[in-house]
Amino acid sequence: MFLTMYNTAQRTGRIYDLKWTQINFDERSIVFENTSNNKRVPNKLWINDILYGILLKRKRNRRTLSQYIFYNKNLKPYNDSNVRKIWKIACQSAGVENSIPYDIRHKAITDMKK
């Protein structure tokens with residue numbers, strides 16, 4: 001999920017709610033729903049090679065009928081609370097302090113500008 005956040009540079013909520021119906025593997029694109037008209041956020045995003053590999057692997061290893069690509073044990077999408085717990089554990093293991101999942105988006109955008 002975190003690699004998907006990085007490779008799309010999308011807001012976390014858009015990735016938490018990402019559904020299989022939004023993915024077009026033939027066209028290598030993602031169509032996002034509920035896009036605001038007053039923000040400069042595209043409805044359609046092209047999938048790079050890294051993200052394509054991640055999504056194909058998730059599709060191959062899919063063991064449930066959940067409509068969501070990333071889901072918890074109840075087959076519901078993750079929310080900020082779930083992800084922050086996972087993120088906190090990962091950051092502690094890596095020795096990283098004062099970081100939140102939203103920082104991935106900022107890093108991705110910074111790297112894209114470079």
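The structure is a predicted model, in which local features need pLDDT of at least 70 and side-chain atom pairs count only at pLDDT 80 or more, while totals for chains, interfaces and linings use all residues. Residues are numbered from 1 along each chain as its sequence is written, and side-chain values use heavy atoms, with hydrogens and water left out.

**View 1**
T4 is located in helix α1, residues 2-8. Helices (H or I, at least four residues) and strands (E, at least two) are DSSP runs, numbered from the N terminus. T4 has a relative accessible area of 0% and is therefore buried. Buried means under 20% relative accessible area, exposed means over 50%, and partly exposed lies in between (1.4 Å probe, protein chains only). Not counting residues up to four places away in sequence, T4 touches I15, L51, I54 and F70; contact means heavy atoms within 4.5 Å. Between the C-alpha atoms of T4 and W87, which are 83 residues apart along the chain, the separation is 14 Å.

**View 1. The largest nonpolar core.**
A nonpolar core is a set of buried Ala, Val, Leu, Ile, Met, Phe, Trp, Tyr and Cys residues joined through side-chain atoms within 4.5 Å. The largest one has 20 residues, and M1, M5, I23, I30, L55 and I69 have the most contacts inside it. Two or more residues of this core are given by each of α2, α3 (49-60) and α4. Helix α4 supplies the largest share, three residues. Leaving aside neighbours within four places in sequence, I30 is in contact with T8, L18, Q22, I23, N43, K44, L45, I47 and L51.

The 15 residues of α4 should span 21 Å at 1.5 Å a residue, and its end C-alpha atoms are 20 Å apart, which agrees. The expected span of a helix is 1.5 Å times one less than its number of residues. The buried residues of α4 are V83, W87 and C91. Seen down the helix axis, the buried residues of α4 fall within an arc of 65°, so they line one face; the arc is that of the directions from the helix axis to the C-beta atoms. An α-helix has 3.6 residues a turn, so residues three or four places apart point the same way. The buried residues of α4 pack against α1, α2 and α5. On the face turned away from the buried side of α4 are the exposed residues K85, K88, I89, Q92 and S93.

**View 2. The ends of helix α4.**
N79 caps the N-terminal end of α4, with a side-chain oxygen 3.0 Å from the backbone nitrogen of S81. Just after α4, G95 takes a positive phi of about 75°.

Most residues other than glycine have a negative phi. A9 is not a glycine, yet it has a positive phi of about 60°. A9 lies in the loop between α1 and α2 (12-16) and counts as buried at 8% relative accessibility. N98, also not a glycine, has a positive phi of about 55°. This residue, N98, lies in the loop between α4 (80-94) and α5 (103-113) and counts as exposed at 81% relative accessibility.

The structure holds three salt bridges. A salt bridge is a side-chain nitrogen of Lys or Arg within 4 Å of a carboxyl oxygen of Asp or Glu. The side chains of E27 and K44 form one of them (2.8 Å, N to O). This pair links distant parts of the chain, since E27 is in the loop between β1 (23-24) and β2 (29-31) and K44 is in strand β3 (residues 44-46), 17 residues apart. R28 and D49 also meet through their side chains in a salt bridge (2.6 Å, N to O). R28 lies in the loop between β1 and β2 and D49 in helix α3, so the pair ties together parts that are 21 residues apart in sequence. R28 counts as partly exposed at 26% relative accessibility, whereas D49 is exposed at 61%.

Being four residues apart in helix α5, K107 and D111 are separated by about one helical turn. K107 is partly exposed, with a relative accessible area of 45%, and D111 counts as partly exposed at 23%.

Technical notes:
Polar contact = N/O pair within 3.5 Å; in protein donor to acceptor, adjacent residues only side chain to side chain.
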